[in-house]
Amino acid sequence: MPDTVSLQVLKVALPSPLRRLFDYLPASHPPPCGWQLGLRVRVPFGRREVVGVIVELADTSELPRSQLRAVSEALDDAPLPDDWLWLCRFAARYYQHSLGDTLQHAMPARLRQGHPMAGRTQTLWLANMQTQPALSRAPKQAELYALLSQHPHGLPTRAVSAHGFTRDQLLALTKKGLATQQEIVLTAPEPPSGNLLATPALPLNREQATALAALHEKLDGYHPCLLEGVTGSGKTEIYLQLIESVAAKGKQSLVLVPEIGLTPQTLARFRSRFRVPVVALHSGLTDPERLDVWEAAASGRALVIIGTRSAIFTPLANPGAIIVDEEHDGSYKQHDGLRYHARDLAVARAHYHGIPLLLGSATPSLESLQQALSGSYRHLRLTQRPSRHQPAKLELIDLRHQRRQGGLLPNAIKAIKSTLSAGKQVLIFINRRGFAPTLACHACGWMAECGQCDSRMTLHRQPPLLACHHCDSRRALPDACPECGSGDLRALGSGTERTEETLQGLFPKVAVHRIDRDSTRKKDSFEQILKEIHRGEPCLLVGTQMLAKGHHLPHVTLVVVVNADGGLYAADFRALEHSAQLLEQVAGRAGRAADPGRVLVQTLHPDDPHLGQLAEHGYGALARNLLEERRLAQLPPFTFMALLRVESPQEEAALTLAQQAGQALREWLKTSGLATNCLGPVPAPMERRQNRYHIHLMLAANKRSQLHTAASWLVQWMEANREARKVRWSIDIDPQTLA
């Protein structure tokens, strides 16, 4: 009777957009644990070898056994964590994405490259004592060899550099056979026993204590809670005390924050509170650092893991709680490749593990708010600030028929002067990078437009150029109008650079800090600016939404919003929700300490009812009103959506394929019995971007399951269609923007 193991087929997920698995035969030498799900393997794929993950074991294959190739080698002694593999499977299935691509996205780069899953390693350099050196013509190499000879256990690279030697000299010795390098795994210290706190917890007010008590009621089961607290109401202290309770049981907490800019301050606060290992995962880490953090979480060495969007895929040996700070923030949604939403995966993961889930925000997303209002989530509220000052109300200032300097009205400039005279700081919020939104000819009306997108180019002064913020194309400033030859070219509107320049002219003795994507490109530049701000000296902060997200600025007592109208009237049905959240968040930077705050909002539409409701009654009242509008219009969260995006350099190719897909889907829906609507195709709000035409086809259903059935059918139709191979296309489940 043949050995069943010899007949086994390994189904491997590979880094490919194809939504299928690939069959391989086992290698002749099995790993110590045997062939298991979750093992990484190196396999031949075409003319190259790639790293994949075994996700199924089968006895047979659809292909003849003679056509199957064997796995080259198993890369692990034990499989990757079960909880990680489950989450990847769930994400691939929910977001209609290739499992192989999902697994690749979810693991650190060094694992994708085939490196072993080990903890933090260190490279040691050792002298080869069995070889007689001949280095009379290379005195520096001779000195380096002598140094290594004095350390028989090896010297780390950093120590070699400290003695004045370079990596090139090390490699030269290695090439001559006079030195070798060795990787060693560094042993991490064990978590401390006894008291977990390095500094004592802060006293809680009545609302905070009530919220924390509610969280403690179910620490051993799935318990989703929405913590809706005004800015500065102490949500982070509740996070810390919840984590303390979880860590006391030896369990891990995963904390998601929306921006890399928030990670250092959050990490510093958490590390100063706890004596347990606290690690961070974000895009600023090197590949070895990211693998070290990943392994520390997977092994259980790290009890607190803080990270941005992709940290949701971090494996946990002993999960105890998941916290999503600023849960409404749009940066939790991935907008290309695997288009997942980290908050929604956090919900699924907490349910899978049976652990508490805490979503915190001053301006909850309408999806989370509806879950709380319907009773699916527990709704916890914080309405008080430690300073006892009520959050500053928005004061609407009419922009119409008034002269502006750098986008600022005289009343705003007067308020800025008064605040600086009182020794306080001012935040000027303008959500436009650059000097001005565009450059125009005053003689003929020509405007600088992008040659690749349906958009105008932004004027920059530092350095002087025209840039498109959609495709990143750039060109030099023209000396004259390319249409009529006039030299009367003028900047229209204001961006952060222009407002910064105006303020420097108005207040020459006051420091002006501009904070946007352009001014913070250098590593640690954002942190350095924040350090200067926290000194408390009077200054002016000019920033985009980078400053609006969660930063504690205790010395800011005045916020000026240069133009509140940017997102209020966009075509996207979520635009008003997102704009209101942004306004409320930026307003929350004012008056967070001893002094009350003031918020001036410049607008061309001071009579807008939604803006008036936000100013008078706050985000909570507006959000409930928007929920009712969404319910009547049958929009999310009362319906579920998927968006098929088709793009091509030829407009006709994209439109024709989308029309064919829409027609095929509608015909299938007639016979399927699914209550799912197919809308479109229509051009995207910005139809031409990066010289490609973008067409949308929308699916909508009242039941999530029916939406996924229809989306799955559409994906299979697209994959089987030859014309679809000539264009780019993607499916976006629960799209957060129609761009």
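## Contacts and the model

Contact here means heavy atoms within 4.5 Å. Keep in mind that this is a predicted model, in which local features need pLDDT of at least 70 and side-chain atom pairs count only at pLDDT 80 or more, while totals for chains, interfaces and linings use all residues. Residues are numbered from 1 along each chain as its sequence is written, and side-chain values use heavy atoms, with hydrogens and water left out.

Let's begin with M718. Not counting residues up to four places away in sequence, M718 touches L644, V646, L657, A661, A724 and W729.

## An open sheet

Helices (H or I, at least four residues) and strands (E, at least two) are DSSP runs, numbered from the N terminus. Two strands pair if DSSP finds at least two bridges between them.

Six strands form an open sheet with parallel pairing, in the order β16-β26-β25-β17-β24-β23. At its edges lie β16 (394–398) and β23 (511–515), each pairing on one side only. Further in, β17 (residues 425–429) and β25 (residues 556–561) are joined in the parallel sense by five bridges, and V426 stands opposite L558 in β25.

## Two helices side by side

How do helices α16 and α17 lie against each other? The axes of α16 (residues 575–587) and α17 come within 11 Å and cross at roughly 30 degrees. (Axes are lines fitted to C-alpha atoms, for helices over the stretch in contact, and angles run from 0 to 180 degrees between N-to-C directions.) The two helices are therefore roughly parallel, a term for angles under 35 degrees. On the α16 side, L576, A580, L583 and E584 make the contact, and on the α17 side H610, L611 and L614 do.

## A buried arginine

Is R692 buried or exposed? R692, found in strand β29 (residues 692–701), counts as buried because its relative accessibility is 14%. Leaving aside neighbours within four places in sequence, R692 is in contact with E647, S648, P649, E687 and R728.

Terms used: Parallel < 35°, antiparallel > 145°, perpendicular 65-115°, else oblique. Buried < 20%, exposed > 50% of the residue type's maximum accessible area, 1.4 Å probe, protein only.
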